[in-house]
Amino acid sequence: MKARFKNEVVKRFPSHGIELVGVFESATETLSLTYLTRFKSGGRSQQSVGRLGADPEWRVVKAASEVNDRC
């Protein structure tokens, strides 16, 4: 999850109007990742996240990275 975020998600944010402000990892919880984003306006946040989720390249990367996570 963390590798996918760092290697794939972060580089896609700018093209969808998402600015990454900070990333925070827990010192005690290895599966915990918190990130802070900024948008030009509140109304654009839902549009930007929706565009990222619908991005065909992102969907392929996401699906491939979840193959071993499924039970």
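Modeller: The questions below set values against the cut-offs behind each term.

Colleague: How do you know how far the model can be trusted?

Modeller: The model is predicted. The average pLDDT of the protein is 88, and 96% of the residues score at least 70.

Colleague: What makes the pair E8 and R12 a salt bridge?

Modeller: The rule asks for a side-chain nitrogen of Lys or Arg within 4 Å of a carboxyl oxygen of Asp or Glu. The N to O distance between E8 and R12 is 2.8 Å, so the pair meets the rule. Side chains of opposite charge can pair when their charged atoms come close.

Colleague: Which parts does the salt bridge of E57 and R12 tie together?

Modeller: The side chains of E57 and R12 meet at 3.5 Å, N to O, which is a salt bridge because the limit is 4 Å. E57 lies in helix α3 and R12 in helix α1, so the pair ties together parts that are 45 residues apart in sequence.

Colleague: Is E57 buried or exposed?

Modeller: Exposed means over 50% relative accessible area. E57 has 55%, and so E57 is exposed. E57 also belongs to a network of salt bridges that links E8, K11, R12 and E57.

Colleague: What makes E19 and R38 partly exposed?

Modeller: The term covers values between the 20% limit for buried and the 50% limit for exposed. E19 has a relative accessibility of 39%, so E19 is partly exposed. R38 has a relative accessible area of 46% and therefore receives that label. The side chains of E19 and R38 form a salt bridge at 2.9 Å, N to O. This pair links distant parts of the chain, with E19 in strand β1 and R38 in strand β2 (residues 33-38), 19 residues apart.

Colleague: How many salt bridges does the rule give?

Modeller: The count is eight.

Colleague: How do you know that the buried residues of α2 are on the same side?

Modeller: The buried residues of α2 are S45, S48 and L52. They cover an arc of only 75° around the axis, so they are on the same side of α2. These buried residues pack against α1 and α3. Exposed residues G43 and Q46 are carried by the face of α2 turned away from its buried side.

Colleague: Which residues make the contact between α2 and α3?

Modeller: The axes of helix α2 (residues 42-54) and helix α3 (residues 56-66) come within 5 Å and cross at roughly 65°. From α2 the contact is made by L52, G53 and A54, and from α3 by P56, W58 and R59. The residues of this contact divide into four nonpolar, one polar and one charged.

Note on methods:
Residues numbered from 1 in each chain as written. Predicted model: local features only at pLDDT ≥ 70, side-chain atom pairs only at ≥ 80, totals over all residues. Heavy atoms only, no water. Axes fitted to C-alpha atoms, helices over the stretch in contact; angles between N-to-C directions. Helix = DSSP H or I, 4+ residues; strand = E, 2+ residues; numbered from the N terminus. Contact = heavy atoms within 4.5 Å. Nonpolar A, V, L, I, M, F, W, Y, C, P; charged D, E, K, R; others polar. pLDDT = per-residue confidence, 0-100. Buried < 20%, exposed > 50% of the residue type's maximum accessible area, 1.4 Å probe, protein only. Arc of directions from axis to C-beta.
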